[in-house]
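Trainee: Could you walk me through reading helix packing and ring pairs here?
Mentor: Gladly, let us take a look.

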Amino acid sequence: MTEHLFKITGLRCANCANTARKALEQIRDVSAEVNFATEEAIVRAPDHVGVAQIIEAIKAAGYGATEIRDDLDVAAAETDTLGRARFWLAVVCALPLVLQMPLGLLGMHDHLSATWQLILATPVQVWVAWPFYRGAWHALKLRTSNMDVLISLGTLAAYSYSLVLWWTDSPGDVYFEASVVVITLVMAGKILEHRAKQSSASAITRLLHLAPKTAWQLTASGEFVSVPLADVRPGDQVRIMSGESVPVDGIVVTGQSAVSEAMLTGEPAPVEKAEGDKVYAGTLNGDGTLICRVTGVGRSTVLAGIARLVSQAQGSRAPVQALVDRVSAWFVPMVVLIALLTLLYGGLLLTDWQTGLVRAVAVLVISCPCALGLATPTAIMVGIGEGARQGILVRDADALQRAASAAVVVFDKTGTLTQGQVRLTDVVNVSAGPFDRMQALALAAALEAGSAHPIAHAVRAAADESAISALPSVSNFRTEAGVGVFGQIDGVCYGLERWTNQFVQGGADTITTTTSELMGEGKSLSVLTYDGLPAALLAFSDTLRPDAIEAIKRLNRQGLTPVMLTGDQPEAARVVAAQLGIDDVHAGIMPAGKAGVVSQLMMAHPAGAIMVGDGINDAPALASASVGVAMGSGMDIAMESAGIVLMHNRLTGVPEAVSLSRRTLSKIRQNLFLAFIYNVLAIPLAVSGALSPVIAGAAMACSSISVVGNSLLLRRKQQKD
């Protein structure tokens, strides 16, 4: 299966998106998601289904489609020249009809003649409204309904009735102006709505505009020349001058500078860069000059990956949208039925078919489900875009909704609550064997020579600091996850194992006193063993993240329960938890058991649990939680295993993400209330005759704009929880 992304034109309501989706899924083995707010379709098709066939299916449904081939084109906006021409013709034809309305209200009846009204209304009804008719026809062919059906029925009814009166020269008021003005107002509302939606999606546009279009590339002659990014390849060297934006992802070869990564991480403080450090496209170089080796360019950069992630997330569907879709599916048929009953009521019971027709047209026009279709996706678009601006990447709308309702936040300790920079602080001999500190350290460093665990890094760093250059050779090496590493040195079996209470029973008397003292200081312990017996204790310490305490306090204020989950010894874990103010601690948990603990917490808290980890060792636990939140240090794997990624690597990003999720869900609820209450109040008014078709058209346009405008309020700066 291949995934394609298309820009869809001609969508006028949420039911239009459903019509396009149904048309796509009539192709065998094809599945699709069409988002009304983003006007994009994600199509998953087998390899034998070509792009041309997909586009043809969309066009057959009455809509236009263009494949988005490059991530950098995700936010590109197309200009609908023909649509604008139709709109301005409608405006020109509607103005004379609108200007005569105030005269009628003032008792002046110098209206345009019916013939002139027909002349003005006909091009609007025939040519301007043609996209509505086409959309309605395609929807009905697919046995569905949408806004086009309502607009077409309403305006055609008013125009046809007026045409019959004009042709037969019968007495009665004509309603050419109603059909023209309604079409004009609907088109005006769609244009304003489209502009608002573009504003709500501008987070992607801002991201994509960060990277420059050219780079200073090192040529074979040793000179740097400016070339288009399309000519730059991984492995090339580029120069980044002072004050320039970084055009590519790369590794610094020479030079020193401070680079602002605020546009990616939300962190205002520049990051010092020197030889061997990574730089990212879109970031801003400071005063120094850097020469970098290119590792990623164009769509392979972190910037493009973020834009792709944000775009996909904005186009995803929240679980709450399923209810809206079910309501929308029945909404239009119910409105048509209500309009028909209104017409019959006016004609049969009130014996005034003209009044019944006007009221029925008002019902059809004012009931367009645009606001209902925009309620959820626009709030998601703005919320996820705002998160991207703050360095909070949300993988999909489902994660956003789940984070808003969670009751528990589970933290991994090492690398999450702490900085993950483990240091070896103590080496204590606990046996009668010939193991002084240097010998024990050399043996431990030899065992950890091939490991990437933070403990291994700390042991090797301590050996380097102690000038231990020659390490003994290790044979029959093996590692046991969550237990330790083992091997033979000079025919003796050694191991560096995680501390457990079993060593108290088989070790020297000094172990109990020593371990109590070290664990009381919050240190983690490992044991160097020979032939299964304890030889030396190695104590490690890690420092808390500077913002860890503040993050826990803010989560408590939000009503969330923080939980610590760690493989560390219980005594050491409780010391760290006490410093942070965490009461619920699960210590001594093997990596494979963390996911089980998270599942148990979710059973105890049906509202859900958020798991926060580094995205590497904690991947199973992240996947098991309602929402996984990964720190930016494990970015690549985190994007696969977590629902939310904190690019800035700040722990306070967790309460910020929760706050963003809650605010977004609150906006969705507000939007749904506005959409539903609008129709609940408006339909009875239209049935009773309190709303004319023209006023109904204006109100319908305003309802959609109000929903989008309410979603845009998510951009307002919020006070910290």
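**Rings and helices**

Mentor: Phenylalanine 176 counts as buried, at 0% relative accessibility (buried is under 20% relative accessible area, exposed over 50%, partly exposed in between, with a 1.4 Å probe and protein chains only). This is a predicted model, where local features need pLDDT of at least 70, side-chain atom pairs count only at pLDDT 80 or more, and totals for chains, interfaces and linings use all residues. Residues are numbered from 1 along each chain as its sequence is written, and side-chain values use heavy atoms, leaving out hydrogens and water.

Trainee: How are two packed helices described?
Mentor: By the angle between their axes and the distance between the axes. Here, helix α6 (residues 130-141) and helix α7 (residues 147-168) pack at about 125°, with axes 8 Å apart. That makes α6 oblique to α7 (under 35 degrees is roughly parallel, over 145 roughly antiparallel, 65 to 115 roughly perpendicular, the rest oblique).

Trainee: Which residues of α6 and α7 make the contact?
Mentor: Among them are Pro131, Phe132 and Tyr133 of α6 and Met147, Ile151 and Leu156 of α7, where contact means heavy atoms within 4.5 Å.

Trainee: How many aromatic pairs does a search of the whole structure find?
Mentor: Three; ring centres must lie within 6.5 Å, and planes under 30 degrees apart are stacked, over 60 edge-to-face, the rest tilted. Phenylalanine 87 and tryptophan 88 have centres 5.1 Å apart and planes at 65°, so the pair is edge-to-face. Phenylalanine 87 is buried at 11%, while tryptophan 88 is exposed at 52%.

Terms used:
Axes are lines fitted to C-alpha atoms, for helices over the stretch in contact, and angles run from 0 to 180 degrees between N-to-C directions. Helices (H or I, at least four residues) and strands (E, at least two) are DSSP runs, numbered from the N terminus. Rings of Phe, Tyr and Trp (its six-membered ring) pair if their centres lie within 6.5 Å; planes under 30 degrees apart count as stacked, over 60 as edge-to-face and the rest as tilted.
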